[in-house]
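The sequence and structure come first.

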Amino acid sequence: MPSNKSVSDAPIVQFTNCRILRSHQLQREDLWVREGKILNPEKLFFDEKGSADIQLDCKDSIIAPGFIDVQINGGFGVDFSLATDDFKSGIDLVSQKILSHGVTSFCPTLVTSPPSVYHQVLPQISIRNGGAHGAGILGAHLEGPFISKEKKGAHPEHCLRTFEAGAFQDLLATYGSLDCVRIVTLAPEMKRSSEVIRELTKRGICVSLGHSVANLSQAEEAVQHGATFITHLFNAMLPFHHRDPGIVGLLTSDKIPAGRRVFYGMISDGIHTNPAALRIAHRAHPKGLVLVTDAIAGMGLAPGRHTLGQQVVEIDGLNTYIAGTKTLSGSVATMDTCVRHFQEATGCSVETALEAASLHPAQLLGIEPKKGTLNYDSDADFLMLNDGLYVQATYIAGEEVWRQDPLGM
């Protein structure tokens, strides 16, 4: 009779006494892991006649897929939009620190910057798997500089650019390389944006609409050319108007191509979006909602002055402003805080709140077969959480990479 070693010598770990988020429901069953992947126990029992080498009692924890943050500008004193000699050690620090907040994969985000910054920083960002060293890097999110002057928000005006001269060639010259780029945020009302959206989409890069004064038809046209995401809905765009709802109108548009879904990011920190606006968006288009932190270098630090690319920002509690103004500039909220606030503000189910930070961003990036679920054969990136949705432990590829100190609970 073959043993469980007939397929692999790697140990099989069985997580017991837990509720697993699978197929949109918390299910009371065990989680089986081998070689960094989620195992199908039926195949293990019946095909391999195998059994667990290690059993771990989860003490009735919730087990959910690891969180995926597709918009994070930095944290813990590190600013991804600053070209420094020790940029790599900075990105390593952030990827290590966000494990405690349940983030197992992320897209380091650069705000509008001079070309020299992109040319220095982007070659230092490499797509990599997560592990004990920190969360995995899925590729960079470039937010700007091809955005609207009227809705620049915290982005420096002197660095903004247009597509009018060379369109896609201008974009390539500005960024230097698209090798590690996963998302580009741009304003779709700009001249020649359609051809840029098509070129980016052709290369497998997600195009997001944001920092824009686009009307609904311009936004719909961008989606028809391949755009699939909206950067921090409601923030840095025209407010909803009943005669022309602008980019916000994409949530209920009937002009979205068949088989396509528009996703939208929301900063659920209690400051960037009123809870009523969060509820409106969620009720209008629940399957498109992606929680993002939009965290800046000041996340995890004391109040005071910090940077966001070329700008100085002031942190006052959970509020972050461009220094000397009342212009919001990113957040200092962590992803687990955003998940809890989203659930509290909308009254949605635990499953829905957790999927907004895991399944939906994975679907947006087209990595759902590997990340964002606990389906069989997917990557064993998952969290143990208590009923209050506080992270107790973080696992990447089936290995524990962070655990809450029981004395500090």
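The model is predicted: local features need pLDDT of at least 70, side-chain atom pairs count only at pLDDT 80 or more, and totals for chains, interfaces and linings use all residues. Residues are numbered from 1 along each chain as its sequence is written, and side-chain values use heavy atoms, with hydrogens and water left out.

## Domains

Domain 1 is made of residues 13–64 + 373–403, and domain 2 of residues 66–365; these bounds come from an automatic or database domain assignment. The C-alpha centres of domain 1 and domain 2 are 30 Å apart. Contact (heavy atoms within 4.5 Å) joins 20 residues of domain 1 to 22 residues of domain 2.

The size of an interface is often given as the accessible area lost when the parts come together. Between domain 1 and domain 2 about 1700 Å² is buried, and carbon and sulfur atoms give 72% of this area. Buried area here is the accessible area (1.4 Å probe) that two parts lose on being put together, summed over both. On the side of domain 1 that touches domain 2, at least two residues come from each of β2 (25–28), β5 (54–65), β20 (382–385), β21 (391–396) and β22 (399–403). β21 gives the most to that side, with four residues. Helices (H or I, at least four residues) and strands (E, at least two) are DSSP runs, numbered from the N terminus.

What polar links cross between domain 1 and domain 2? Five residue pairs are in polar contact, both residues being at pLDDT 80 or more. A polar contact is a pair of N or O atoms within 3.5 Å; within protein, one must be able to donate a hydrogen and the other to accept it, and residues adjacent in sequence count only if both atoms are side-chain atoms.

## Annotated positions

An unreviewed UniProt entry places the feature "domain: Amidohydrolase-related" at residues 62–401. UniProt positions are given in the numbering used here, feature names are shortened, and annotations may be inferred rather than shown by experiment. The end C-alpha atoms of residues 62–401 are 17 Å apart, and the span is 24% helix and 23% strand.

For "binding site", UniProt (unreviewed entry) lists Ala154, Asn235, Ala236, Arg243, His272, Leu328, Ser329 and Gly330. These positions span 177 residues in sequence and the farthest two C-alpha atoms are 29.7 Å apart, so they do not all gather at one spot.

Alanine 154 sits in the loop between β11 (140–143) and α4 (168–175). With 8% relative accessibility, alanine 154 counts as buried; buried means under 20% relative accessible area, exposed over 50%, and partly exposed in between (1.4 Å probe, protein chains only). Beyond its neighbours within four places in sequence, alanine 154 is in contact with Leu308, Gln311, Ile322, Thr327, Leu328 and Ser329.

Alanine 236 belongs to the loop between β14 (229–230) and β15 (263–267). Not counting residues up to four places away in sequence, alanine 236 touches Lys151, Gly210, His211 and Ser212.

## Serine 378

Is serine 378 buried or exposed? Serine 378 has 0% relative accessibility and counts as buried. It lies in the loop between α10 (359–365) and β20. Its side chain reaches the backbone oxygen of asparagine 375 at 2.6 Å. Leaving out residues up to four places away in sequence, serine 378 touches Gly36, Lys37, Ile38, Pro369, Lys370 and Thr373.

## Salt bridges

Side chains of opposite charge can pair when their charged atoms come close. The rule (a side-chain nitrogen of Lys or Arg within 4 Å of a carboxyl oxygen of Asp or Glu) gives 16 salt bridges, including these:

| Pair | N to O distance |
|---|---|
| Arginine 28 and aspartate 60 | 2.6 Å |
| Lysine 152 and glutamate 157 | 3.6 Å |
| Aspartate 336 and arginine 340 | 3.4 Å |

Aspartate 336 and arginine 340 both lie in helix α8 (residues 335–346), four residues apart, about one turn of the helix. Both aspartate 336 and arginine 340 are buried. Elsewhere, salt bridges that share partners join Arg19, Arg28, Asp60 and Asp387 into one network.

Arginine 28 is exposed, at 56% relative accessible area, whereas aspartate 60 is partly exposed, at 32%. Lysine 152 is partly exposed, at 24%, and glutamate 157 is partly exposed, at 40%.
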